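Subject: Handing over the two-chain file

Hello,

Here is the structure I promised you. Please open it next to this email and follow along.

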Amino acid sequence: MSKARDSILATIRRANGSFPQLTKDAISWPQPRLNGGLAENFVQSLKKAGAVVEKVSAEAGIGGCVSRYLQREQLPSEVVVSDDEVLKLSDWPELVTVHRGRPATRNDKVSVTGAVHGIAETGTLVLVSGEQNPTTLNFLPDHHIVVLRESSLVANTEDMWGTLRERFPIFPRSVNLISGPSKTADVEQTLQLGAHGPRRLLVILVKGEKIN
Amino acid sequence: MDSKAHKFRENAKVALLDPDLQRALGKARGGFVDARTQAFSCLDRHAEIQDAAKQIKDHTLSVLDEYLVLFEKNVNKVGGKVHWARTPAEARKIVLDICDDVDARRIIKGKSMVSEEIALNYALETAGYDVVETDLGEYIIQLAGEPPSHIIAPAVHKTRQQITDLFHKHHSRLGLKERVTDIPDIVNEARLVLREAFLSADVGITGANFLVAETGSSVIVTNEGNGDLTNTLPGVHIVTTSIEKVIPTLEDLSGILRLLARNGTGQEITSYTTLSTGPRRTGDKDGPSQYHVVLLDNGRSEMLAGEFKEMLRCIRCGACLNHCPVYGAVGGHSYGWVYSGPMGAVLTPLMVGLDGTKDLPNACTLNGRCAEVCPMSIPLPDLLRKIRVRQNEERITSVRARWFMKAWGFLACKPHLYGWCLRILAWLLSWLWGKPHILRLLPFVHEWTATREFPKSQGFTFQSAYRKAPNSHE
């Protein structure tokens, strides 16, 4: 279909030929100011979108927090966990069966993943696909638990793109900005959680800096 | 789908008398408007953001060829493929060839208006594929065998009762015999049925809200997560999209995203915004092994040259539909094609031709609410007026209307003569009032008196009353 390509581009060039090219130089995107701190904004927005947020003081506490959630929600003690480094630092209670290093299957009820950033403005988690982070973990199970270091919070998405560009010279296959559990309002404009993606989203915010 | 826009008048009449449709539209109308107002009440620097959005789109369109080539280069770099289609037929062929090439049987789809524009489902089904729409709204209308009636809420015209009936009819054979009547149960049943489709599909087709030139990414903005399962689970991901969706950088995406969901559903941001860039990478444990982007033109490149260029800034948020009194009264199906409301009344004539769409730009009161809410500052009423002018030039408007306009134009340029004619008319109308048998014989009058009382003329014009009034010449 290279004929189509040439023809479309030629029509565009012919059309634009009679107009001046507009430069981008003078265009600047205003960024909304946050009312309050990063963590406060982040948590508030996520809760508004229907997510549950828990805080732990160190990585070691992640497993316990997950286990308590499973009990509270009366879920089987079985989770599929991504190979994200933050999750490797956790202690897992013996009663929880942990599957690692695989994508989600239809039988997985609960997944646990990390996130590279959190966006305070909108309460958004930024998840990036890769060898250690299969994308199906973010969408297939009924419950998605995301662990995020508080130090990874930034104000706006604009504060994150630069870091992503540096970290991934080749842009990742999938970048998922997740701002709440799956929902739909397609039946009589009435909001209902759990359309096709996770019915519940639990975010565990880990205090403090990354330990190297 | 073939355009049925030539039947607008009949469709609108039927729609106005359809109690289910009116109930459904009544529910939606206020909700969308209030949600949008609420969402913008807490956005800092809204006007500035909107201005930047317009500028960035104008910039992109002015060098569209460069951004499309850059986008293509970056898709190639990560192992994806860009296909160019001048027409819906070319686009359908590209998709059919890909599906044939991978011996696909089941195809799942995320919501894509471009796919509706090219009538892809019909082509795929005719070719023998099992096609399943996975957005709940699209799934409902697929079961009903109907086109979408709203660009972001395709099943907005369906009541819960109708959905219950549809599910019962179609899901009974899957062993789900019980009628689901509550909204949570309806959503759950769709989740259950569609889960099987997700896990057994060979090809996933989604649309794109944006294409980011800098990275070669296609971006979808959704709430349900169906789009993400569609672009992750099957072995092949096809994006059906169009050339004006490209934007320069990730920062531009951030900026425009602040407007999209607020204007559409009234959300600050949707649950999922996903950037897909090429097929799965070495070491990846999931994701499609093929990634194709089909770039449709279908008249868009021609629009760049002319007076409808501004329409190409449209980001398909749906705000103009939600705020349009005509759309609110007759619903999307009356418009007869895939796009409806103000943006549809502009796009449909330009894409399917002025002939056969002549009522669309005229079914507008030019009240201007659409232009007021448009995040991309598209002057929709002006564009509709320009189409009316074109209709007149191309003699698509009726002879009677053209002569009437010509006569009125002639008089309007001669104020004295105009004043005299009006004085005669005012006197005539005053004399005719109370003589309905004669009144009915006058042209156009019946259209008015069919549903309303004809008001009594005072027998003189506003101009003459104004001149007689004390202090009128101060």
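Two strands count as paired if DSSP finds at least two bridges between them. Keep that in mind for what follows. One caution first: this is a predicted model.

**The sheet in chain A**

Start with strand E1 of chain A. E1(A) pairs with strand E12 (residues 200-206) of chain A in the parallel sense, over 5 bridges. That passes the cut-off of at least two bridges, so the two strands count as paired. Within this pair, Lys55(A) has Leu205(A) in E12(A) as its bridge partner.

The pair belongs to an open sheet of 6 strands in chain A. The order is E1-E12-E7-E4-E2-E3, and the pairing is parallel. Strand E1 (52-56) and strand E3 (97-100) of chain A are the edge strands, each pairing on one side only. Neighbouring strands in this sheet are turned by 25° against each other on average, direction ignored. As background, strands of a sheet pair through backbone hydrogen bonds, either parallel or antiparallel.

Two helices belong in this picture. Helix H2 (residues 38-48) of chain A lies across E1, strand E7 (143-149) and E12 of chain A. H2 of chain A runs at about 170° to E12(A). Helix H3 (residues 62-72) of chain A packs on the sheet too. H3 of chain A touches E1, strand E2 (78-81), strand E4 (110-114), E7 and E12 of chain A. Its direction makes about 155° with that of E12(A).

Now look at the loop between E4 and strand E5 (117-119) of chain A, where Ala115(A) lies. Is Ala115(A) buried or exposed? Its relative accessibility is 13%, so Ala115(A) counts as buried. Leaving aside neighbours within four places in sequence, its contacts include Asp84(A), Leu125(A) and Val146(A). Asn16(A) is 99 residues away along the chain, and the two C-alpha atoms are separated by 43 Å.

**Chain B**

Strand E1 (residues 81-85) of chain B is mostly covered, with 4 of its 5 residues buried. E1(B) pairs with strand E10 (residues 290-296) of chain B in the parallel sense, over 5 bridges. Trp84(B) stands opposite Leu295(B) in E10(B).

**Salt bridges**

Side chains of opposite charge can pair when their charged atoms come close. How many salt bridges does the structure hold over all chains? There are 40.

Here is one to find on screen. Glu214(B) forms a salt bridge with Arg165(A), and the closest N and O atoms are 2.3 Å apart. This pair crosses between chains. Glu214(B) sits in the loop between strand E5 (210-212) and strand E6 (217-222) of chain B. Arg165(A) sits in helix H6 (residues 158-167) of chain A. Glu214(B) counts as partly exposed at 25% relative accessibility. Arg165(A) is partly exposed at 31%.

Next, Glu188(A) forms a salt bridge with Lys27(B), with closest N and O atoms 3.3 Å apart. This pair also crosses between chains, from a loop of chain A to helix H2 (residues 19-41) of chain B. Glu188(A) is buried, with a relative accessible area of 16%. Lys27(B) is partly exposed, at 47%.

Finally, Arg385(B) forms a salt bridge with Asp382(B), at 2.7 Å between the closest N and O atoms. Both lie in helix H18 (residues 380-393) of chain B, 3 residues apart, about one turn of the helix. In chain B there is also a network of salt bridges that share partners. It joins Glu117(B), Glu244(B), Lys245(B), Arg300(B) and Arg316(B).

**Nonpolar cores**

Which residues have the most contacts inside the largest nonpolar core? They are Phe210(B), Leu253(B), Met311(B), Tyr339(B) and Met343(B), in a core of 103 residues. Helix H12 (residues 250-264) of chain B gives the largest share, 6 residues. A second, separate core has 46 residues, among them Leu46(A), Leu127(A), Tyr139(B) and Ile186(B).

Back to Met343(B). Not counting residues up to four places away in sequence, Met343(B) touches Ile151(B), Met311(B) and Cys314(B), among others.

Best wishes

Note on methods. Residues are numbered from 1 along each chain as its sequence is written. Chains are lettered from A and ligands numbered from 1 in the order in which they are written. This is a predicted model: local features need pLDDT of at least 70, side-chain atom pairs count only at pLDDT 80 or more; totals for chains, interfaces and linings use all residues. Side-chain values use heavy atoms; hydrogens and water are left out. Axes are lines fitted to C-alpha atoms, for helices over the stretch in contact, and angles run from 0 to 180 degrees between N-to-C directions. Contact means heavy atoms within 4.5 Å. Buried means under 20% relative accessible area, exposed over 50%, partly exposed in between (1.4 Å probe, protein chains only). A salt bridge is a side-chain nitrogen of Lys or Arg within 4 Å of a carboxyl oxygen of Asp or Glu. A nonpolar core is a set of buried Ala, Val, Leu, Ile, Met, Phe, Trp, Tyr and Cys residues joined through side-chain atoms within 4.5 Å.
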